[in-house]
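Subject: Structure for your review

Dear colleague,

My findings follow it, grouped by region.

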Amino acid sequence: MLAGGCVRRSAVDRNSFSNSRAQISLLAQSSTFDIFPRMSISQVSSTSVESLLKEDRIFPPHTAQADALGGANVESLEQYHALHARSVADPSGFWGEIAQDFEWFKPWTSVLEWNCPDAKWFVGAQTNVCFNAIDRHVLEGHANDVGLIWEGEPQASGMPEVRHLAYGELQDEVSRFANALKALGVKKGEIVTLYMGMVPELPIAMLACARIGAAHSVIFGGFPAPSIVDRVLDAKSRVIVTCDGAWRRGSVVPLKKNVDEAMQSLVAQGHAIEHCVVLKRTATPIEWNAARDHWWHDVIAKESSECPCEAVDAEDLLFVLYTSGSTGKPKGIRHTSGGYMVYTAYTARMTFNLKPNANHVFWCTADIGWVTGHSYIVYGLLPNRVPTLMYEGAPNFPAEDRFWEIVARHRVTHFYTAPTAIRAFMKWGESHPKKHDLSSLKLLGTVGEPINPEAWIWYHEQIGASRCPIVDTFWQTETGGHVITPLPCATPTVPGSCTLPFFGIDAAIVDETGNELPPNTGGLLVIRKPWPSMLRGIHGDRQRFIDTYWSRIAGMYLAGDGARRDERGYFWIMGRIDDVINVSGHRLGTMEVESALVSHPAVVEAAVVGMPHEIKGTGIAAFVTLSLQATASEALKAELREHVSSVLGAIARPDMLRFTAALPKTRSGKIMRRLLRDVAAGKESTQDTSTLDDFGALAALRGNDE
Ligand code: WT7
């Protein structure tokens, strides 16, 4: 094992644990930079990091909006506190009551069995998530009510393609595809891989899996072939569902071509995909293997729209979703049926104050390839019988006002997006939202990364007309649903804080020994009690599950974020404490990028750190040492950036890449990442460099142009 914090060819293991410890102890000393290590607001607006620390503008809960929202689900902060206290004192009683709102084919014998780190919720119960999302509404007389609104990207004739799918139609389409999956031999418990664009058939395929008790693994359509290979192998999928292509900013992303490339390399690794179902979306010419490839329209044509929902155990796998960790290999986060369904639907209802029959139209702008889309486009929304809107394409196609056009066209009431998108809207300017009637909006949400107060205020004023509450929702792929969030009619908000824990969440800031820290002291964010949608493991890697989340502090879930709590008890997320960076609200392991770089023959060693970025929040800075045969050049820089993109997707393309003869290391060979972060941020280092092995390396880095 290599002790340093970088990746060398053929030696990709490293001791990130000690790195993280060093980072958090530095965080805890809380210099201003440490508190918000990756907020780079300065270029977008003039506010400095200091202002974040002084941020004390309080926005009262929007009681006036309660009527507009159809009545408050939680009316006051007092009510929140009383319910929260009850929910953590008696989780079984609390969640047992909430779960009564759902359809169960067989009741539970106990609400919770907790054997840290293993939770079982609604033990012995049987249900079906698809039944609760769709069939139930049909049975209750809502077959003709719209459940899913979809808008395509192209606007060939000036008007985009729009589909309104009622619950009855969704039931038919899902059943047909569920029958098709069965006809292809898909069995209960197996994992079907879905690599599609943002088309209605993606949630239809997810729900079809749920309907027959199969699990899915959705791979983001922006990932290239190598990401498909890793995930398919890990999930052992035999069936993959894709599209010929996906529309993105007016051009076609060749999904089937990527799948073909992946299937070829899978065969070389001894794993054959048996069936590849292809939805025709872009009419792009594709290669075809008749023994393996099937058109979506052909497989459903033969099937009936009758397909009973399989009764599944509450703890049966609903899906695996891959996310980055601090090693090069993504983790398959496992979520099960009962607890995930109850928690995502209940958080959606409370955080967004959803009501059926209140003319709500909910739009989450995330891609379904990320957990935000799983939980708050599909699974948390449909059971609430509030229409969920899905948009296929980019926010700036054909122009920068596309989102506002969509809000106006569909009378969107709830809009949920990421701070990185808000910063882009700010940059594009107010004229774009001003062109459209945004009066339908009642509530705004953000997710994915800390929001800088300037972006919060802009969102509040320019999009919400100072009328709409903003919910800044903190959560993770692992938590399944919101864990720290305001409730719109109850919680006063402070720009930049995700405020208070959701019901049932016993969140705290602790030190390395698990002791709770006093207010305004940076520490580790933990959750001390189980909750229904917590991850049930990492697919195929029990040890990694234990090591990552449960080992550092006994008996507590370690979120991997540094945070502080203020005197009001509000949480302020300070940033990741592991080797994970959050680029445009998407999680990326620095080691994944390092591994991608050293897989290029010109690279000997690489270290990757986050750097402040105007729009993305955190950008990617790569420091690269070349082999003796390679010559540093602008062309090689471009080639290396492109190489990373081809291995990990465009999200991972380094924003800055520097060649360096040596990387700054401690005498024990550990890379000094904080020092690289300072270099990348263009700052003088505040770090103690007394253990630096070679001052020359640092001086060389400083003098090095990008
Ligand atoms: C990480 C989880 C949860 C859906 C999107 C990302 C960061 C997420 C917030 C927020 C500050 C946030 C954290 C977290 N994060 N939401 N409201 N404020 N930070 O899911 O890819 O699993 O990433 O995103 O660092 O650990 P993910």
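Which residue stands opposite valine 526 in strand 24? It is leucine 558.

Before the details, two remarks on conventions. This is a predicted model, in which local features need pLDDT of at least 70 and side-chain atom pairs count only at pLDDT 80 or more, while totals for chains, interfaces and linings use all residues. Residues are numbered from 1 along each chain as its sequence is written, and side-chain values use heavy atoms, with hydrogens and water left out.

The antiparallel sheet

Valine 526 and leucine 558 face each other across two strands, namely strand 23 (residues 523-527) and strand 24 (residues 557-565), which run antiparallel and are joined by four bridges. Helices and strands are DSSP runs numbered from the N terminus, with at least four residues (H or I) for a helix and at least two (E) for a strand. Two strands pair if DSSP finds at least two bridges between them.

The ligand site

The ligand has 19 residues around it, of which Asp472, Thr477, Asp561, Arg576 and Arg587 come nearest. A residue counts as near if one of its heavy atoms lies within 4 Å of the molecule. A polar side-chain atom of arginine 576 lies 2.8 Å from an oxygen atom of the ligand. Taken alone, the ligand exposes 560 Å², and the protein buries 96% of that; the areas come from the Shrake-Rupley method with a 1.4 Å probe. Helix 14 (371-379), strand 21 (470-473) and strand 25 are the elements that give two or more residues to the shell. By class, the shell has six nonpolar, seven polar and six charged residues. Here Ala, Val, Leu, Ile, Met, Phe, Trp, Tyr, Cys and Pro count as nonpolar, Asp, Glu, Lys and Arg as charged, and the others, Gly among them, as polar.

The parallel strands

Strand 19 (residues 414-417) runs parallel to strand 17 (residues 362-364), with three bridges between them, and parallel to strand 20 (residues 443-447), with four. Phenylalanine 415 of strand 19 is the bridge partner of tryptophan 363, and on strand 20 phenylalanine 415 is partnered by leucine 444. In a regular strand the side chains alternate between the two faces of the sheet. Both faces of strand 19 are covered, as His414 and Tyr416 on one side and Phe415 and Thr417 on the other are all buried. Buried means under 20% relative accessible area, exposed over 50%, and partly exposed in between (1.4 Å probe, protein chains only).

Helix 18 and the residue after it

Helix 18 (residues 453-463) is mostly covered, with nine of its eleven residues buried. Among them are Trp456, Trp458 and Tyr459. Just after this helix, alanine 465 takes a positive phi of about 45 degrees. Alanine 465 is in the loop between helix 18 and strand 21 and is partly exposed, with a relative accessible area of 45%.

Other backbone features

Lysine 236 also has a positive phi, of about 55 degrees, although it is not a glycine. This lysine lies in the loop between helix 10 (225-235) and strand 9 (239-243) and is exposed, with a relative accessible area of 61%.

Two cis peptide bonds should be noted as well. One joins cysteine 116 and proline 117, with omega about 5 degrees; proline 117 is in the loop between strand 2 (110-115) and strand 3 (118-123). Another joins phenylalanine 397 and proline 398, with omega about 0 degrees; proline 398 lies in the loop between strand 18 (388-391) and helix 15 (402-410).

With kind regards

Definitions and conventions: Polar contact = N/O pair within 3.5 Å; in protein donor to acceptor, adjacent residues only side chain to side chain.
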